[in-house]
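Start with the structure itself.

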Amino acid sequence: MAEAFAADLRQVPGARAVAVGSRTRESAERFAGRLGIPRAHGSWLDLARDPEVDVVYVATPHAAHRAAALLCLEQGRAVLCEKPLTLNLPQARDLVAAARERRVFLMEAMWTLVHPVIRRVRELVDQGAIGEVRSVQAEFGFAAEEDPGHRLFDPAAGGGALLDVGTYPVWFAHHLLGAPDEITAWSHPAKTGVDATTGMLLGYRGGAMAVLSCSVAAHHGQRAAVHGTAGWIEIRSDFYRPPGFVLHRPGREPEEVPGPPAQGNGYGHQAREVMRCLRQGRTESELVPLDGTLAVMGTLDEVRRQIGLRYPGEA
């Protein structure tokens with residue numbers, strides 16, 4: 001993730017990777033050497049104290065997000081933290097409180113929400129193009145070799161399908177319908193105890209629902225759809241960074257809506273959003289709001305409670 005993000009920064013005007021920090025100087029120097037980054041720090045603290053750094057992108061495994069991000073915030077350094085922001089809601093609340101207390105910028109790196117295609121989908125929904133939204137569907141899955149030593153299957157690293165790829169469909173549903181009133185979840189575990197496949201049904205008092213799934217044991221089409229009383233929007237592939245969508249309305253021909261040409265890995269959009277916010281003196285992004293992050297973390301916690309997934313050190 002860090003390497004892909006750093007590569008995309010080269011295509012963002014005004015952005016530059018000036019330093020990298022790791023838990024050892026050796027690993028930091030190897031990374032810096034591969035990407036041509038000028039300085040390598042042997043600790044997160046040294047990186048956070050680097051006066052030429054404006055924003056730190058936290059790309060550690062999930063379980064280390066809180067510690068790394070909190071250290072940077074305490075040094076007054078803006079943070080873009082990989083999703084999920086933390087392992088659970090209490091940890092996320094700690095980070096958000098620290099950022100707000102110090103008035104330091106913090107954003108979860110949910111790049112889907114700042115993607116131009118998803119922003120256009122949201123605009124159409126808000127404008128009533130498909131009427132009142134009644135259901136959302138989203139799936140994200142791939143088949144990975146079940147290696148107990150890999151972070152995907154390591155409980156100590158916060159492994160499993162839900163936190164790695166399930167955050168995307170959950171965020172997609174929250175983005176369009178808000179936080180659910182009811183949650184029902186089912187899961188099949190990997191041999192290490194983390195979830196290999198999880199299905200979720202989110203219910204809303206107004207009658208809407210979201211049907212979501214995620215997996216690290218089976219390939220999915222990464223499809224999503226939004227159904228309303230006057231039509232529906234279909235994202236046929238890669239909804240987390242979609243190439244476009246199809247707008248369906250009764251009595252009309254389906255309308256293919258292409259997105260802009262792809263740029264790199266697709267991470268540049270979130271870098272631009274962070275830069276926009278900092279230039280405007282903002283400490284939060286309205287596109288990826290911290291209250292939204294907290295709401296999503298609450299849903300993820302409830303799903304984990306229902307499927308019986310706890311990570312080492314959690315109460």
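Two strands pair if DSSP finds at least two bridges between them. With that criterion, Leu80 has Met107 in β5 as its bridge partner. The model is predicted.

**The parallel sheet**

Strand β4 covers residues 78–81 and pairs with β5 in the parallel sense, over three bridges. These two belong to an open sheet of three strands, ordered β3-β4-β5, with parallel pairing. β3 (55–58) and β5 (106–108) each have a single partner strand, so they stand at the edges, and one side of each is left without a neighbour in the sheet. From one strand to the next, the twist averages 15°. Strands of a sheet pair through backbone hydrogen bonds, either parallel or antiparallel.

Leu247 takes part in both pairings: Ile233 has Leu247 as its bridge partner in β12, and Leu247 has Glu255 as its bridge partner in β13. β12 and β13 form a hairpin, with six residues between them. In the turn, Gly251 has a positive phi of about 85°.

**A buried histidine**

His41 lies in strand β2 (residues 39–41). Is His41 buried or exposed? Its relative accessible area is 14%, so His41 is buried. Leaving out residues up to four places away in sequence, His41 touches Ala19, Val20, Gly21, Ser22, Thr24, Ala28, Asp46, Leu47 and Asp50.

**Helix packing**

Two packed helices are described by the angle between their axes and the distance between the axes. Two pairs are set out here.

| Helix pair | Angle | Axis distance |
|---|---|---|
| α6 (residues 116–126) and α7 (residues 161–177) | roughly 30° | within 10 Å |
| α1 and α2 | about 35° | 11 Å |

α6 passes α7 in a right-handed crossing. On the α6 side, the contact involves Ile118, Arg122 and Val125. They meet Phe172, His175 and Leu176 in α7. By class, the contact has four nonpolar residues, one polar and one charged.

α1 passes α2 in a right-handed crossing as well. Ala2, Glu3, Ala6 and Ala7 in α1 meet Phe31, Arg34 and Leu35 in α2. This contact divides into five nonpolar, no polar and two charged residues.

**The buried side of α1**

Which residues of α1 (residues 2–9) are buried? They are Phe5, Ala6, Asp8 and Leu9. These residues cover an arc of only 160° around the axis, which puts them on the same side of α1. An α-helix has 3.6 residues a turn, so residues three or four places apart point the same way. What covers the buried residues of α1 includes α2 (25–35), β3, β4 and α8 (268–279). Two of the covering elements, β3 and β4, also belong to the open parallel sheet.

Notes:
Residues are numbered from 1 along each chain as its sequence is written. This is a predicted model: local features need pLDDT of at least 70, side-chain atom pairs count only at pLDDT 80 or more; totals for chains, interfaces and linings use all residues. Side-chain values use heavy atoms; hydrogens and water are left out. Helices (H or I, at least four residues) and strands (E, at least two) are DSSP runs, numbered from the N terminus. Axes are lines fitted to C-alpha atoms, for helices over the stretch in contact, and angles run from 0 to 180 degrees between N-to-C directions. Buried means under 20% relative accessible area, exposed over 50%, partly exposed in between (1.4 Å probe, protein chains only). Contact means heavy atoms within 4.5 Å. A crossing is left-handed if the near helix is turned anticlockwise from the far one by less than a right angle, and right-handed if clockwise. Ala, Val, Leu, Ile, Met, Phe, Trp, Tyr, Cys and Pro count as nonpolar, Asp, Glu, Lys and Arg as charged, and the others, Gly among them, as polar. The arc is that of the directions from the helix axis to the C-beta atoms.
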